[in-house]
Amino acid sequence: MSTLSRPGTVTTSRAVPRRLPGVDGVWVAIGADAVIFAILFGSFMQARLHNPAVFEASRHTLNSSLGGIDTLILLTSSWSVALGIQALKRDLVDRAPRYLLGGVLTGLMFMVSKSIEYFEKFTQGIAPATNDFYMWYFTLTGIHLLHVVFGTSLLSYLWIRSRRRAYSSLQRVVPECVASYWHLVDLLWVVIFPLLYLQKAA
Amino acid sequence: MSVLRERVTVVWLGLIVATCVTTWGLSKELFSPSVAVIGIFTIAAVKVSYVMLDFMELRHAPIPVRAAFQAWPVVVAAMILGFWFATP
């Protein structure tokens, strides 16, 4: 981590040094993941192009209110983790654990919500093999759910370590890396939700 | 550190309101499909942009990195809308 300007970087008018949170490698991984998801979104739309009626009929079986609540959960989770990083930057090391715990609990809430949704689908006899739409629905939400599980595990580790006062304004590389990844998980869902649940047919 | 005065809190409130508008407003039958879809994905792109700028702290990132990440929601929303209008 460097809080100093890197050679050649531009500073703002308030002379705030421009920097990336965490380490550069994490941003390469985040960028690559974002590009992969963009390709998946394009592939989904291409599949929809060939069979819009099936996609529209299948979309109506999804619970858009539950999907909206999932979005609210993840946005709140991201906010809580962002507050945790702000607390560390100001050396409020006693406050950081509670915000990180907020991230963990909301991550768990998302997992419970998705489990309920999957259970509903399976009890209705809906599976990935049912049709192309459901194949994409389970693929996109499933890969995203794996991201949530991984991210919640990382946040749990951060929470435990932060309770032992392992992080501070000068030692926040790992929290910043995990937080950046967690925000990626959030923003991917911000697109997946309308793509699958809200996209009406023309 | 007052949570209410934090910029991330203001952004979070805006994102929550935008999500409610999209989920329980635009997606209903009040609007034509094209208006609804354009609105929904434009709002999604703006939401992603704010998550990047304020939660991921890209507002203060080196300009080329910020520009590359900020292009993502624009390209993704344009691609989705392009396919949507091309679909019969």
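**View 1. The residue after helix H3 of chain A.** In this predicted model, H3(A) is followed by A:Asp91, a residue with a positive phi, near 60 degrees.

**View 2. Helix H3 of chain A along its length.** H3 of chain A covers residues 64–89, 26 residues in total. From its first C-alpha to its last the helix reaches 38 Å, close to the 38 Å expected at 1.5 Å a residue. Of the 26 residues of H3(A), 19 are buried, so this helix is largely enclosed by the rest of the structure. A residue counts as buried here if 20 or more other C-beta atoms lie within 10 Å of its own.

View 3. Chain A has 6 helices and 0 strands, and its elements run α-α-α-α-α-α from the N terminus on. The C-alpha trace of chain A spans about 55 × 35 × 25 Å along its principal axes. Buried residues make up 41% of the 202 residues of chain A. Among contacts in chain A between residues at least 6 apart in sequence, 78% join residues at least 24 apart.

**View 4. The contact between chains A and B.** Chain A puts 45 residues into the contact and chain B 41 residues. On the side of chain B that touches chain A, helices H1 (7–26), H2 (33–55) and H3 (63–86) of chain B each supply at least two residues. H2(B) gives the most to this side, with 12 residues. By class, the side of chain B that touches chain A holds 30 nonpolar, 8 polar and 3 charged residues.

Note on methods. Residues numbered from 1 in each chain as written. Chains lettered and ligands numbered in written order. Predicted model: local features only at pLDDT ≥ 70, side-chain atom pairs only at ≥ 80, totals over all residues. Helix = DSSP H or I, 4+ residues; strand = E, 2+ residues; numbered from the N terminus. Expected span 1.5 Å × (residues − 1). Buried ≥ 20, exposed ≤ 12 C-beta atoms within 10 Å, placed from the backbone. Contact = placed C-beta atoms within 7 Å. Nonpolar A, V, L, I, M, F, W, Y, C, P; charged D, E, K, R; others polar.
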